[in-house]
Amino acid sequence: MKVLLDENITQKSIPVLEKYGHDVIHVLNRFPAGKSDEDVFMLAIKEERALITLNGKDFIVFIPPRNGLTLHYGLIWLRGFQVTNKSYEGVMDTIGNFLKSKGDSIKNTYYAMKKKDNTYEIIQRFPKTEKMIVEISSI
């Protein structure tokens, strides 16, 4: 799967996701620091990449049904916790495995990843489904 890491995700995450077979770039590989959220989102669409960010609230305004876009390649919002030098590898292992299992089915979908006790949950937020918790992984 093709993935774009937002500016707020450490570039150390790239090799962690690549070990799951993903084609990963960091936004700073394409733009200087401080590029607008809209430009970052449009880059993800242009390059057909799922976007991983800590600032999901800044990006969900660009996805259906809030916008006229008909297609995007997925959004994963790391919500309510900080990704640190100690935790990024576990977080990215969870995401790498999740993306490997989901493949292209994350198109037009947005997920929130939350920390719960000693695990991470990836929960589908849009479109709504009956089975909300998609994956749980140990830290």
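The model is predicted, and local features need pLDDT of at least 70, side-chain atom pairs count only at pLDDT 80 or more, and totals for chains, interfaces and linings use all residues. Residues are numbered from 1 along each chain as its sequence is written, and side-chain values use heavy atoms, with hydrogens and water left out. The protein chain has four helices and seven strands, where helices (H or I, at least four residues) and strands (E, at least two) are DSSP runs numbered from the N terminus.

**Overall fold**

- Along the sequence, the elements of the protein chain come in the order β-α-β-α-β-α-β-α-β-β-β.
- Of its 139 residues, 45% count as buried; buried means under 20% relative accessible area, exposed over 50%, and partly exposed in between (1.4 Å probe, protein chains only).
- The accessible surface of the protein chain is about 7100 Å², with 47% of this belonging to carbon and sulfur atoms; areas come from the Shrake-Rupley method with a 1.4 Å probe, and for residues only the protein chains shown count as cover.
- If you take the contacts (heavy atoms within 4.5 Å) between residues at least 6 apart in sequence, 51% of them join residues at least 24 apart.

- Strand β1 (residues 2-5) pairs with β3 in the parallel sense over three bridges, and Val-3 stands opposite Ala-50; two strands pair if DSSP finds at least two bridges between them.
- Strand β4 (residues 75-78) also runs parallel to β3, joined to it by three bridges, with Trp-77 opposite Thr-53.

**Nonpolar cores**

- A nonpolar core here is a set of buried Ala, Val, Leu, Ile, Met, Phe, Trp, Tyr and Cys residues joined through side-chain atoms within 4.5 Å.
- The largest such core has 24 residues, and Ile-52, Ile-76, Leu-78, Ile-95 and Met-113 have the most contacts inside it.
- At least two residues of this core come from each of β1, α1 (13-18), β3, β4, α4 (88-102), β5 (110-116) and β6 (119-126).
- Helix α4 gives the most to this core, with six residues.
- Setting aside neighbours within four places in sequence, Ile-95 touches Leu-17, Ile-52, Ile-76, Leu-78, Met-113 and Ile-122.
- There is also a second, separate core of 18 residues, which includes Leu-4, Ile-45, Phe-59 and Leu-75.

- The 15 residues of α4 should span 21 Å at 1.5 Å a residue, and the end C-alpha atoms are 21 Å apart, so the two agree; the expected span is 1.5 Å times one less than the number of residues.
- The buried residues of α4 include Tyr-88, Val-91, Met-92, Thr-94, Ile-95, Gly-96, Phe-98 and Leu-99.
- Just after α4, Gly-103 takes a positive phi of about 60°.
- Gly-56 lies in helix α3 (residues 56-59) and is buried at 0% relative accessibility.
- The C-alpha atoms of Gly-56 and Ile-76 are 7.5 Å apart, while the residues are 20 apart in sequence.

**Salt bridges**

- Seven salt bridges are counted, each being a side-chain nitrogen of Lys or Arg within 4 Å of a carboxyl oxygen of Asp or Glu.
- Lys-19 and Asp-93 form one, with their closest N and O atoms 3.0 Å apart.
- Lys-19 sits in the loop between α1 and β2 (23-26) and Asp-93 in helix α4, so this pair ties together parts 74 residues apart in sequence.
- Lys-19 counts as exposed at 53% relative accessibility, whereas Asp-93 is partly exposed at 21%.
- Arg-49 and Asp-23 meet in another salt bridge (3.5 Å, N to O).
- This pair links distant parts of the chain, with Arg-49 in the loop between α2 (37-46) and β3 and Asp-23 in strand β2, 26 residues apart.
- Arg-49 is buried at 5% relative accessible area, and Asp-23 is partly exposed at 37%.
- Asp-23 and Arg-49 also belong to a network of salt bridges with Arg-30 and Glu-47.
- Lys-35 and Asp-39 are joined by a salt bridge as well (3.7 Å, N to O); Lys-35 is partly exposed at 33%, as is Asp-39 at 32%.
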